[in-house]
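Okay, thanks everyone, let me put the structure up.

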Amino acid sequence: MQKLTSKLKGNKLAQIILLVLYVLVTSLSLYLAQASVTAFLLLLFSLLILYYTELPDRLKWLIAGIVLIGVIPFVSSTGPGYQSYMEVATVVGIYVAMALGLNIVVGLAGLLDLGFVAFFAIGAYTYGIFATGQAANFMPFGTFPLSGESFWIFILIGCFVAALFGVLLGIPVLRVKGDYLAIVTLGFGEIIRIVFNNLDKPVNITNGAMGLASVKPPEIFGYQFVYPNQFYYIVLAILFFVILAVRRFEFSKIGRSWKAVRENEIAAQSVGIHLVRTKLLAFAIGASFSGMMGVVFAAKQTFVDPTSFTLLESITILVMVILGGMGSVPGVILGAAVITILNLQVLTEVTNYLNQLSLDGVISFPEALAPAKMQRFIFGAILIIFAIYRPQGLIPAKNPVFDEESLKEGSKKHRKEKITVEPDKGFQA
Amino acid sequence: MLAEILQSLPQVLVDGIALGAIYAVIALGYTMVYGILELINFAHGEIFMTGAFIGVAMLILMTGMGWLAAMPAILALILVLVVTSILTGFMGVGIERMAYRPLRNSPKLITLISAIGVSFLLQDLVRFITEYKRGNYILTGPSMFNEKFSIKFSSISSSFSDAFFKTSTLILIIAVVIMMIGLDFFVNKTKWGMAMRAVAQDRETASLMSINVNKVISLTFFIGSALGGATGVLFAVQYGTIDPYIGFILGLKAFTAAVLGGIGNIRGAMAGGLMLGILEMFAAANLQILTGGIFGAEYKDVFAFAILIIVLIFKPEGLFGKAVTEKV
């Protein structure tokens, strides 16, 4: 095995051939054996392999794009499991965007936010209220529900409203830090949930615990988006922009000041970083991704109620960030994918399998131990194990290191060659 | 409006003190650990919850074996309290050993995440043990101490109505007072208490004065968790029904109480707990009247969190705490 990897190292052509072979084999097996969850997961796994190849970044993005846009939807489209695969892929996309948002707040800026799902809820309710008849109860003008065409504008509106709430949360929170911040954000998340749960009187805005039913599906030129495979492309498009934005932010001046604030607030302040602005930006940008995905979530489920936005959800997103690696974009994407697939596919599959076994009388299996119910246990264990043994996560964050001499010379070409990448020390101390 | 509020005031006070006493003891656990490690022990609410489950399980077991009928109820309760508090005490020590000690020198964020992990783990662990044994994770204990008393507030002034309370409320309050006085005595008057205070002040210097810091931290976790577990039993006896998820919100409110009184300050935690309990009961009873029916009792949790946020913003050192300046 070691021989093989050493041979592969540096040989780009071999890597490409191997990757293409892998994708072909897994897609073919998914194409032929439609019910096979394993084949679907293996096909998704090809993206991780792609990440570890030594191809140039552009080629990597191109291949990833082809696999995501073309190969995965196509090969899973012929069988009965199509919509459920696409559903999983869509949910993975939604969580990846949220985890990337939380990664900015926790991973880069070092502000532990335990109420992150609140922004998701805000996005979902923003669209939900206006895309059902609910808004007619308090809006004096306009006819409701708005048509599905408005969905596209609402992605932006959801983004802005969530960012606004991010800032609103940020303003009071700026005075507290560390553990206190965690508690305050937790309280904020609970407050938002309780308010949405009870805002059916005096004016019925959110329809309380009953939730908003039959939210209008998105529509463009009379074409309605109803099925998961259609939402898949919406999510993919938004996700593309989110990843682009995150990568831009991370290595910009703002990104560096986030990291500085994370390492030492007072030192960061004394080198001229505007603490308030930096922290508020982190909250606002993190929240905005979540808000956008909230809108998509509301449109996809066509039903919004407060039970989707509990503390467990916030912790789930936190687990994604920790598992993948705080501050590391590829890590967080991996973490979000692993946890979502674990929740949606693996745990339910194992539960079904075990139930089948106990129905057949092979083993007796108590209902209480069903893996699908063990989410909290698994999350708890992941949090503890990763905190103790691997706080930097599955794919540790990396920082580019610039060579001072060549920077001084200033030649652009020179600079590009000299950049090396070194592990981010933030969470390893 | 005022007359209505006054009418219900005695009952609000009795219920508020009972709830506040529970908050106060849980808040002690938070405050002790925070004082010594500067760590919010998120799992403390879950230790309380586990205590409640162990207690109820023991009571059910004793009922099944006919012991409960054979001995006086108060003796049974004391027995259950002692056993539960020892068990949860050791549980607290174990949690510290496994999940917090390896992280003592890592960034605070990491320790906090580990604490959240422990809390989630415990919730599900208790859930599936209970569900496995009884088929349902919501547990109702045998009813004890249900005789009702009334205090004749109406004889003082006709604007008050009578307050009713159960015997269990009385037992709860007495037990909590005993626990608090005991703890206060222990921390302020004994050698081990002095060691605890020394470690809280400065861990390194304390270790130079031949104090075994690890032992002191373990002891702190033991005492805090034992108190939390015992309170869990009292809570179960007082309110009857428990489920594995009561610990988190209750713990959060107890933490609010600790912050309110000044975290790290034991007497402050007691005062903060009582204050929060009474305020919350007052809000639950009167929010509807005060806001003309716009907000109801369901907003009482919002009220508690709002207090937390306001205190943290305007007086982060709490009502009875001293402000500390941060070292760089």
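So, α4(B) and α5(B) are oblique to each other, because they pack at an angle of about 135 degrees. Keep in mind that this is a predicted model. Helix α4 of chain B covers residues 73-100, helix α5 of chain B covers residues 108-134, and their axes are 10 Å apart. The crossing, as α4(B) passes α5(B), is right-handed.

Which residues in α4(B) meet α5(B)? On the α4(B) side you've got Met91(B), Ile95(B), Ala99(B) and Tyr100(B). Across from them, in α5(B), are Thr111(B), Ser114(B), Ala115(B), Val118(B) and Leu122(B). Sorted by class, that contact of α4(B) with α5(B) comes out as seven nonpolar residues, two polar and no charged ones.

Now the loop. Between α4 and α5 of chain B sits Arg101(B). What does the Arg101(B) side chain pair up with? With the side chain of Ser218(B), through a polar contact of 3.1 Å. If you leave out residues up to four places away in sequence, Arg101(B) touches Glu96(B), Asn214(B) and Ser218(B).

Okay, over to chain A. Here helix α7 (residues 151-173) packs with helix α12 (residues 275-301), at about 140 degrees and with the axes 6 Å apart. α7(A) goes past α12(A) in a right-handed crossing as well. The residues of that contact split into 18 nonpolar, five polar and no charged.

Another pair in chain A is helix α13, residues 311-324, with helix α14, residues 329-360. They pack at about 130 degrees, and their axes are 7 Å apart. That angle is why α13(A) counts as oblique to α14(A). α13(A) passes α14(A) in a right-handed crossing. From α13(A), the residues involved include Thr316(A), Val319(A), Met320(A) and Gly324(A). Among those they meet in α14(A) are Gly331(A), Gly335(A), Ala336(A) and Asn343(A). By class, the α13(A) and α14(A) contact has eight nonpolar residues, six polar and no charged.

Last bit, the interface. How many residues of chain B are in contact with chain A? It's 51 residues of chain B, in contact with 48 residues of chain A. Between them the two chains bury about 4,400 Å², and 77% of that is on carbon and sulfur atoms. On the chain B side, Leu109(B), Ile113(B) and Phe120(B) supply 14% of the area that chain B buries against chain A, more than any other three residues.

Note on methods. Residues numbered from 1 in each chain as written. Chains lettered and ligands numbered in written order. Predicted model: local features only at pLDDT ≥ 70, side-chain atom pairs only at ≥ 80, totals over all residues. Heavy atoms only, no water. Axes fitted to C-alpha atoms, helices over the stretch in contact; angles between N-to-C directions. Helix = DSSP H or I, 4+ residues; strand = E, 2+ residues; numbered from the N terminus. Parallel < 35°, antiparallel > 145°, perpendicular 65-115°, else oblique. Left-handed = near helix turned anticlockwise from the far one by under 90°. Contact = heavy atoms within 4.5 Å. Nonpolar A, V, L, I, M, F, W, Y, C, P; charged D, E, K, R; others polar. Polar contact = N/O pair within 3.5 Å; in protein donor to acceptor, adjacent residues only side chain to side chain. Buried area = accessible area lost by both parts, 1.4 Å probe.
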